[in-house]
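I opened my notebook and wanted to see what I could look up here. Here are my entries.

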Amino acid sequence: MLVTLPELRAAQERLRGVAVHTPLVRMGDAALWVKAEGLQPIGSFKLRGAFNKIVQLSARDRACGVITYSSGNHAQGVAYAARTLGTKAVIVMPSNAPLVKVRATQALGAEIVTVGPASAERKAKAEELAAEFGYVVIPPYDDRDIIAGQGSCGLEIVADRPEVELVLSPVGGGGLLSGVAAAVKLTRPEARVIGVEPELASDAAQSFKGGSIVAFTGDQTSRTAADGLRTQSVGTLNFAHMQAYVDDIVTVTEAEIREAMRQMIFAARLVPEPSGAVALAAALFHRDQLPPARETVAVMSGGNVEPSVLRSVLEEEV
């Protein structure tokens, strides 16, 4: 069931000229680099998986249109890919999605349907609409083409830093972590891959440590400011990849996320959303939980931050 290295490399080829080979930006004088996925055309890594999935659809399926469910970044990835490939996109979004992400998705030409805050609710609505109108569902993470597309990020990390010893990746539903971990382990097996998620939405950490998938409620996951990581549980296929390739999952606090945002802004001149800062937060504040490494890469998954959130982070007295 696991994604293979040929699949990862094929996805990378499909993405040439569409997704950006994002740079590794050094944090100060430390041997710590940030993989700047916020520099993608939609401001997050999600373009990788969405395009890799939609570009492989038949002409007949594309003519039917595509639908997905997302709090914002995957929504933009699907909308961007659909527009590029000339197909209709319908996005089911939660009522608490950041306005900056809603507007960006609308600007890409997608039709938006709004439901409650729970990820299970938006998935159910997308499946209902797909059955009614014949749309093709583009899952946000629990899909091998999505995983392979996200994994192109990991291939770039190893290509740019062949001696990397530790890769830190955010984890929500598990698409990015699955793909990055597979790509890193299949090309540099000696490297360690650690998932990072908010303490207030620690379903992946609990799942990983317990050996079976743990689900949170929508109210539980909504407590974190990292809206891109509010998924109620990891996907089945994602969990299989995590068990095969991920070394550990650590959690970070909301205060650590906000401080990591500030440090990334001032030290690397990158502007992350809260979800995009969790990996750096682990590198900065949880070294005792991480394996020793001479070279570390932390994935900044996105930069679609709500202006009011950015303002409060920058004005906060620490």
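This is a predicted model: local features need pLDDT of at least 70, side-chain atom pairs count only at pLDDT 80 or more; totals for chains, interfaces and linings use all residues.

I started with charged pairs and found Asp 145 and Lys 53, whose side chains meet in a salt bridge at 3.6 Å, N to O. Asp 145 sits in helix α7 and Lys 53 in helix α2 (residues 46–54), so this pair ties together parts that are 92 residues apart in sequence.

Next I checked Glu 128 and Lys 125, which form a salt bridge at 3.3 Å, N to O. Both lie in helix α6 (residues 119–133), 3 residues apart, about one turn of the helix.

Then I went to Glu 165 and Arg 294, a salt bridge at 2.8 Å, N to O. This pair links distant parts of the chain, 129 residues apart. Are its ends buried or exposed? Glu 165 is buried at 19% relative accessible area, whereas Arg 294 is exposed at 66%.

I was curious about Arg 230, in the loop between α10 (218–221) and α11. Arg 230 is buried yet has no salt bridge, and the nearest side chain of opposite charge, Asp 227, is 5.5 Å away. What I did find is the backbone oxygen of Thr 224, 2.8 Å from a polar atom of the Arg 230 side chain.

Last, I looked at the largest nonpolar core, which has 37 residues, with Met 242 and Ile 249 having the most contacts inside it. Helix α8 gives the largest share of this core, 7 residues. Apart from it I noted another core of 31 residues, including Ala 226 and Met 264.

Definitions and conventions: Residues are numbered from 1 along each chain as its sequence is written. Side-chain values use heavy atoms; hydrogens and water are left out. A nonpolar core is a set of buried Ala, Val, Leu, Ile, Met, Phe, Trp, Tyr and Cys residues joined through side-chain atoms within 4.5 Å. Buried means under 20% relative accessible area, exposed over 50%, partly exposed in between (1.4 Å probe, protein chains only). Helices (H or I, at least four residues) and strands (E, at least two) are DSSP runs, numbered from the N terminus. Lys and Arg count as positive and Asp and Glu as negative; His and the chain ends are not counted. A salt bridge is a side-chain nitrogen of Lys or Arg within 4 Å of a carboxyl oxygen of Asp or Glu. A polar contact is a pair of N or O atoms within 3.5 Å; within protein, one must be able to donate a hydrogen and the other to accept it, and residues adjacent in sequence count only if both atoms are side-chain atoms.
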